Amino acid sequence: MAEKRDAAHMQRYWTKTSTLMWTIFALWIVFSFVIPLFAVQLNTFRFLGFPLGFYMAAQGCLVGFVVLCVWNAIAQNKIDEEFGVQED
Amino acid sequence: MADSKSAGGGFYGNLGKIYGGYAGGFIVFTLILAVLEQMGVPNKIIGYAFVVLTIGVYAYIGILSRTMDLSEYYVAGRKVPALYNGMATGADWMSAASFISMAGGIYLGGFNALGYVLGWTGGYVLVAILLAPYLRKFGQFTVPDFLGTRYEGNGARLCGVVVLFCASFTYIVAQCFGIGIITSRFLGIPFEVAIFVGLLGILVCSMLGGMRAVTWTQVAQYIILIIAYLVPVVWLSTKLYGIPIPELTYGRALDQIAQFEEKLGIVKHFTDAFTDAKGQFSWTEFNNFWALVLCLMIGTASLPHVLMRYFTTPSVREARTSVAWSIFFIFLLYFTAPAYASFAKLEVYQNVIGHPIASLPAWVQNWSQVGGLLTIKDANGDGIVQLSEFVINQDIVVLSMPEIAGLPFVVSGLVAAGGLAAALSTADGLLLAIANALSHDVYYKMVDPKASAGRRLIVARTLLIVVALIAAAVASTRPSGIIQMVAWAFSLAAAGLFAPLVLGIWWKRTTKIGAITGMISGFAVCLFYLVMTRYAPDTFKEMFGTNLWFGIRNISSALFGLPVAFVVTYVVSLMTPEPSQEMQDFVDSIRTPKGLVTAGG
């Protein structure tokens, strides 16, 4: 293996992976804490027949979590292929 | 099946057909029982049929999957496809707490209990981005294996085993408790005996085939538990509003509940956020809400029985996909749970409160006999059930709701089978995590590194039985409610394991001493808070002049342990010499899907 070229190459791979991690981590905070903790204010609105704050904590944020996990799997697999580090 | 598995191709090629046929078979079985019920077969026999037949199926899969191969026993041969690992993780994950107690918690607590729904789903995002793919790449047998390798030696490994044992054991006691409730109610035997009967169902499966048997049984258990959870809610949604999608219709149930609340003079509204018993906004409730969400989520990403499921996929890529499948399968139950709770609340307000006690059907009698979890006392002697006279424990709301709502008994049997599947599958996973840590990490890695494969498997199986028996014995003393015990388990795991796992992968500078001191101090603070506030509240008050720190309940004990673990690990790591180049190369090698894992330090 070309070790020298690899070091810089792998550094960029890890930077990109970390960026994806932090992005999803930030959105995780939004769905886990920011939205649910404004439930009192959101409850003054209605959505699909639900008080919005209740709806988000019971359903909306959960959908968000599923989307984040699917997105992570797809995006990270793409990054792996871009840098040629996917498994054989 | 056992043969075709080892031969390869046959079993793995036909997974869809096998489990599709199995799901169909289960539906036909339920329909036959429904017809039999209409023909006059007594409820007792239907209850028996559900409990005995499903446990029989799990035992059968367990026996077919028996193995004497180490890799099959510990990590199911690393051949489990992402989709099926997702289902198995779903069953492994959703325990008696999710299935039996969570909707009951929402029934009683309203919005404030939605912290459980959020906390038990969102943690998978952390598993996906921080841990699963890297632990899969590391590719050993257990979570303490990782700690022992990354932090060079048996010190970190032993700390990991201690935390794993404390968390998983608390968790498994809660499952035995749930199994006891169901078998006691549906087989009509005393609670204390029922626990040990249910235990047999756990043992046949995990003991013979280890991870391989547990995996394929858990897939079967997921199918039953999700059908069982959805059927009564979909049924009620259709009955009440004509639309079979409860997630869309229970907004209307919430409106009706609000009308009843007004009529009955209830000040704590079901959908109001962060209210106390008087219906006023409370900062204590607000803080406890986010603290619980945080502890449950971090706990998700620290519990070894969940993390070790991602050791079983064929590749890193599949491990990632598998997390996405896991949360999808888990989500199906969790976003239905608030609907379940709302319908149960509405049915109680409509069919029980304000009705003559004499007119209540037999289910009241039947449930009153299970460990005092349901009581109706005619306090004012008017023969009518008043709101304050009807006391239902959160652990039986889900199980009794079909009867309260007047659905055929076959639905109750189905729900019981689902609850049993949830409790058994989690108990299996936990038992395996504990027994593997003790046999692999303690016995093989520390006591007798020359032990033969056969001997290691015998030790693993013996420990499995011993741990199971102790857990059942503790559960028969009814130490606490299911959901509290499970939340404690999450806090213990979060405080002890999250920092060393995450920092071990994401921060190369983490040193051996830093990680060990961090684990010990974080776990100790969490355990101290939990034990003192639970068992010695008076001493705690004397020491600190307050009942609870910042009013945070002990189910969120990790709120204090977590920051301690991170800070101590960070500071001590910076004070100790940088890890060796070999160790840094090792971290690099588990960060990259391609290539071999290097030896480490």
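Start with helices H13 and H24 of chain B, which are oblique to each other (angles under 35 degrees count as roughly parallel, over 145 as roughly antiparallel, 65 to 115 as roughly perpendicular and the rest as oblique). This is a predicted model, where local features need pLDDT of at least 70, side-chain atom pairs count only at pLDDT 80 or more, and totals for chains, interfaces and linings use all residues. Residues are numbered from 1 along each chain as its sequence is written, while chains are lettered from A and ligands numbered from 1 in the order in which they are written.

Select residues 283–300 and 558–575 of chain B: H13(B) and H24(B) pack at about 60 degrees, with axes 9 Å apart. Helices here are DSSP runs (H or I, at least four residues), and strands are too (E, at least two). Zoom in on B:Ala291, B:Leu294, B:Cys295, B:Ile298 and B:Gly299, which meet B:Ala558, B:Leu559 and B:Leu562.

Next, show both chains. Here 38 residues of chain A are in contact with 40 residues of chain B (C-beta atoms, placed from the backbone, within 7 Å). On the chain A side, H3(A) gives the most, with 17 residues.

Now pick A:Leu48, in the loop between S1 (46–47) and S2 of chain A. A:Leu48 has a positive phi of about 50 degrees although it is not a glycine.

Finish at B:Ala76, in the loop between H5 (70–75) and H6 (82–93) of chain B. B:Ala76 is buried, with 26 other C-beta atoms within 10 Å.

Terms used: Contact = placed C-beta atoms within 7 Å. Axes fitted to C-alpha atoms, helices over the stretch in contact; angles between N-to-C directions. Buried ≥ 20, exposed ≤ 12 C-beta atoms within 10 Å, placed from the backbone.
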